Amino acid sequence: MTKTAVITGSTSGIGLAIARALAKTGANIVLNGFGAPDEIRTVTDEVAGLSSGTVLHHPADMTKPSEIADMTAMVADRFGGADLLVNNAGVQFVEKIEDFPVEQWDRIIAVNLSSSFHTIRGAIPPMKKKGWGRIINIASAHGLVASPFKSAYVAAKHGIMGLTKTVALEVAESGITVNSICPGYVLTPLVEKQIPDQARTRGITEEQVINEVMLKGQPTKKFITVEQVASLALYLASDDAAQITGTHVSMDGGWTAQ
Ligand code: NAD
């Protein structure tokens, strides 16, 4: 039976790499995320070329519960629900707490935390019916430790770790596993955008941000690749990982060992 995977925020970065990896297993893929119409068409065609299943894009904005409900309903109608749900959509904003814009706080909590509540609550009933499901939340090393100027991001990522554990316990007897992946710095558009912001906030050069801030705490001194994260997601999605639930797997070059 062809499995169906829903990956939020999969028009770019880690989400796209996970979509590509799952597509190669022959799964139906529901892509999601922003982009110009021609970019979304290009990404959808490319992922479709990797899968023998159906690949489509749903434009739900992860800050909008009604749009997430619409995506869930579409997946239920079209595929009988998701077998694999990867909550990956994420945004970042870097500012000291006293100047942190309220609307950025609300946006980050909505995309990086609340959207997973909405996708998960919709995904669970069909997974329970099938007696099989995999939910993978892309958290961060910032789900375990903090860095200054990232109050909303760190709060949301710590929150997703708690949501992961709670849902895992609720569905433990239903053949559904729920886990988080905690990457360190992966070189994606999200990280690239942070470099000039951090340089401004800290009053240092962009090169110093890369070497002295970002990779300072990552003992391997190398960025993680999106393919490495995707490969871990594939493992968590497999039957071999059936007894891994309610936990996180770090892929952070040693960051949180310190
Ligand atoms: P990215 O910016 O390359 O991709 C983010 C994706 O989310 C894009 O497809 C974008 O369109 C989508 N998105 C943003 N806002 C959305 C919204 N409101 N609704 C729907 N989609 C939305 O980012 P990335 O680096 O690949 O990050 C993916 C996830 O990995 C995020 O949750 C991020 O916090 C996490 N993460 C990233 C790193 C890193 O170093 N890049 C490290 C740890 C964790």
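Biologist: Which residues does Ile29 touch, leaving aside those up to four places away in sequence?

Modeller: A contact list of this kind shows what packs around one residue, and in this predicted model Ile29 touches Ala5, Ala19, Leu22, Ala23, Val47, Ser51, Gly53 and Val55, once residues up to four places away in sequence are set aside.

Biologist: Which members of the largest nonpolar core touch the most other members?

Modeller: That core has 64 residues, and the members that touch the most others are Ile18, Ile29, Val229 and Ala233. Helix 1, covering residues 13–23, gives the most to this core, contributing eight residues.

Biologist: How should I read the crossing of helix 6 and helix 7, and at what angle do their axes cross?

Modeller: Angles from 65 to 115 degrees count as roughly perpendicular. Here the axes of helix 6 (residues 189–202) and helix 7 (residues 206–214) come within 8 Å and cross at roughly 95°, so helix 6 is roughly perpendicular to helix 7. On the side of helix 6 the contact is made by Ile195, Pro196, Gln198, Ala199 and Arg202, while helix 7 supplies Glu206, Val209, Ile210 and Val213. Sorted by class, this contact of helix 6 with helix 7 has six nonpolar, one polar and two charged residues.

Biologist: Which residues come nearest to the ligand, and which elements give two or more residues to the shell around the ligand?

Modeller: Of the 28 residues around the ligand, those that come nearest are Gly9, Gly13, Gly33, Gly90 and Leu190. Helix 1, helix 4 (102–130) and helix 6 are the elements that give two or more residues to this shell. By class, the shell around the ligand has 13 nonpolar, 14 polar and one charged residues.

How values were computed. Residues numbered from 1 in each chain as written. Predicted model: local features only at pLDDT ≥ 70, side-chain atom pairs only at ≥ 80, totals over all residues. Core = buried A, V, L, I, M, F, W, Y, C linked by C-beta atoms within 7 Å. Buried ≥ 20, exposed ≤ 12 C-beta atoms within 10 Å, placed from the backbone. Helix = DSSP H or I, 4+ residues; strand = E, 2+ residues; numbered from the N terminus. Contact = placed C-beta atoms within 7 Å. Axes fitted to C-alpha atoms, helices over the stretch in contact; angles between N-to-C directions. Parallel < 35°, antiparallel > 145°, perpendicular 65-115°, else oblique. Nonpolar A, V, L, I, M, F, W, Y, C, P; charged D, E, K, R; others polar. Near = placed C-beta within 6 Å.
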